[in-house]
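I opened this entry to record what I looked up in the model, beginning with the overall fold and then turning to the helix.

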Amino acid sequence: MIYGTKLLDHDTEMFAAALSKTPVLVWSMDPLGVYYQVNVGTILKYTADEVQILHEDNGLTTWYSRETSEFSIRF
C-alpha cells in the first residue's frame, strides 16, 4: 500500500472511481522494488487486464497493465 492512498483492487472499486471521475494515481515499480507515481487521471475504461487513464495534464489517454501497475485514490 502506498501511504495516504487506497488501492483499487477490485472491479467494483474501479467502477466506482470511473463513475465518480475520481482522480486515480497510477504506480509502477522500479528495478529496486520501489513504487513511483507514473500518472494521475481518470479512468475511461478498464478490462480484466488493463485500465485506460485520461491524463489530467495533457488530455491524452494511456492503457496500463493491471499486472504491472497499481491504481489508487487519495483519501
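I took helices (H or I, at least four residues) and strands (E, at least two) as DSSP runs, numbered from the N terminus. The model is predicted, so I note that local features need pLDDT of at least 70 and side-chain atom pairs pLDDT 80 or more, while totals for chains, interfaces and linings use all residues. Residues are numbered from 1 along each chain as its sequence is written, and side-chain values use heavy atoms, without hydrogens and water.

Overall fold. I read the order of elements from the N terminus as β-α-β-β-β-β-β. The radius of gyration is 11 Å, close to the 11 Å that the globule rule gives for 75 residues, so the protein is as compact as a globular protein of that length. This radius is taken over C-alpha atoms, and the rule is 2.2 Å times the number of residues to the power 0.38.

Burial. I counted a residue as buried under 20% relative accessible area, exposed over 50%, and partly exposed in between (1.4 Å probe, protein chains only). By this criterion 35% of the 75 residues are buried.

Helix α1. Which residues of α1 (residues 11-20) are buried? I found Met14, Ala17 and Ala18. Seen down the helix axis, they fall within an arc of 100 degrees, so they line one face of α1; the arc is that of the directions from the axis to the C-beta atoms. The face turned away from this buried side carries the exposed Thr12 and Leu19. The buried residues of α1 pack (contact: heavy atoms within 4.5 Å) against β2 (24-29), β3 (35-46), β4 (50-55) and β6 (69-74). Just after α1, I noted a positive phi of about 55 degrees at lysine 21.
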